[in-house]
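Have the viewer open as you read.

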Amino acid sequence: MKNYPRVRPSIAALKPYSSARDEFDVDGDFIFMDANENPFNTKVNRYPDPYQSRLKNKWAPLRKVSEDQIIFGNGSDELIELILKVFVEPREQSILCMNPSYSMYKVSAAIHDCKIALVDVDANFDIDMDKIIKATQAQTSVIFLCSPNNPTGRAIPLADIKVLLEEFDGLVVVDQAYINFSERYSALELIKEYNNLMVLETFSKGIGMAGIRLGVGYANPELIAIFNKVKPPYNINELTQAYALQGLDNYQLIQKQIKEILEQREKLFKALVKIPCIVQVFPSEANFILIRVDDAELRYKQLLQHGIIVRLRNKELHCENCLRISIGTSEENQQLIKTLKTLK
Ligand SMILES: *Cc1c(COP(=O)(O)O)cnc(C)c1O
């Protein structure tokens, strides 16, 4: 087993803020006079559990991990920022990302004032691990892989991810926000084997709770402990924790919706390939489909005039004239197809 990736010295030395609820949990039978809260019960008058124990207790078995391998974030976007704070020395170290990929890595890197190296995917949207390894430098401390990738819908084989984990000594992040829609693999099984892996998931896509802002990070307990030191003490609010707990009571409904979205993806794919203004439909392992049309700006505007909003992605590498379409309900998808067919 490898050593843990090196964290910033200031983080290693950090003595974390100790919150009142770190010491005593509000579930206990006490009179709470320690946190300057309002004593009248409104259900939200107390600070939330800083470590979300009940939620972890419910979520861990669903992902077959232990609770100390989990960190929740205020969306996975917060976890991306935390990763930079823990591992990347501003102005000295850098991160490496795939191009094209989720644009939040770039934004977070700019905020954090660190450089970002981009490694291009090929015309089939595949990414070559040798190319990534060659592009790493002494100052590269984190590599962000996105699989299935946004906006391409293309996934990276697990064997390739393993190669990178073996070859690279910094942190490898696998952002699998769309894993619920891919039948192929989950990188989660690798966290026991690799100290330098962090896997990101989110409640925003497959789980259907984008509005509550809940992201999940998984890693070895030692790494999770460092993240717990750095995260804001009450980053997951009481309403979010309560709503997630309640929503997970009906996990079967969530699974049913995912299945339905997958069926719709199949149907939509078959319908899209027959439409005259569409040049190419890319296979997807996510809940969206990337298409290449004859004139992306024109088709985007026409769809908008018909009340349908898709995402223009034509400025991305290998995505000339491309639009990204999220899978809707059966009715929404039919409406889209009907409209696309009429476009002149
Ligand atoms: C949508 C998306 C996320 C989600 O971020 P949240 O902050 O959890 O909503 C993360 N990564 C990728 C690649 C995404 O497409």
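## Around the ligand

The side chain of tyrosine 178 has an N or O atom 2.7 Å from an oxygen atom of the ligand. Serine 204 also puts a side-chain N or O atom 2.7 Å from a ligand oxygen, while serine 76 uses a polar backbone atom, again 2.7 Å from an oxygen of the ligand. For reference, a polar contact is a pair of N or O atoms within 3.5 Å; inside the protein, one must be able to donate a hydrogen and the other to accept it, and residues adjacent in sequence count only if both atoms are side-chain atoms. On its own the ligand exposes 390 Å², and the protein buries 94% of that (areas by the Shrake-Rupley method with a 1.4 Å probe; for residues, only the protein chains shown count as cover).

The ligand is surrounded by 13 residues, with Ser76, Tyr178, Thr202, Lys205 and Arg213 the closest (a residue is near a molecule if one of its heavy atoms lies within 4 Å of it). By type, the shell splits into four nonpolar, five polar and four charged residues. Here Ala, Val, Leu, Ile, Met, Phe, Trp, Tyr, Cys and Pro count as nonpolar, Asp, Glu, Lys and Arg as charged, and the others, Gly among them, as polar.

## How to read the numbers

This is a predicted model, so local features need pLDDT of at least 70 and side-chain atom pairs count only at pLDDT 80 or more, though totals for chains, interfaces and linings use all residues. Residues are numbered from 1 along each chain as its sequence is written, and side-chain values use heavy atoms, with hydrogens and water left out.

Serine 76 sits in helix α4, residues 76–87 (helices are DSSP H or I runs of at least four residues, strands are E runs of at least two, and both are numbered from the N terminus). Is serine 76 buried or exposed? Serine 76 is buried, at 10% relative accessible area (buried is under 20%, exposed over 50%, partly exposed in between, with a 1.4 Å probe and protein chains only). Not counting residues up to four places away in sequence, serine 76 touches Glu201, Thr202 and Gly215 (contact is heavy atoms within 4.5 Å).

Arginine 213 belongs to the loop between β6 (197–202) and β7 (215–218). Its phi is positive, about 55°, although it is not a glycine, and arginine 213 is partly exposed at 30%.

You'll find phenylalanine 125 in the loop between β3 (115–120) and α6 (129–135), buried at 4% relative accessible area.

Now for the cis peptide bonds. One runs from asparagine 99 to proline 100, with omega near 0°; proline 100 is in the loop between β2 (94–99) and α5 (104–112). Another joins serine 147 and proline 148, with omega about -10°, and proline 148 lies in the loop between β4 (140–146) and α7 (158–167).

## The cores

The largest nonpolar core has 57 residues, and Trp59, Phe72, Ile132, Leu145, Phe203 and Tyr218 have the most contacts inside it. Such a core is a set of buried Ala, Val, Leu, Ile, Met, Phe, Trp, Tyr and Cys residues joined through side-chain atoms within 4.5 Å. Another core, of 28 residues, lies apart from it and includes Val86, Cys146, Ala219 and Phe227.
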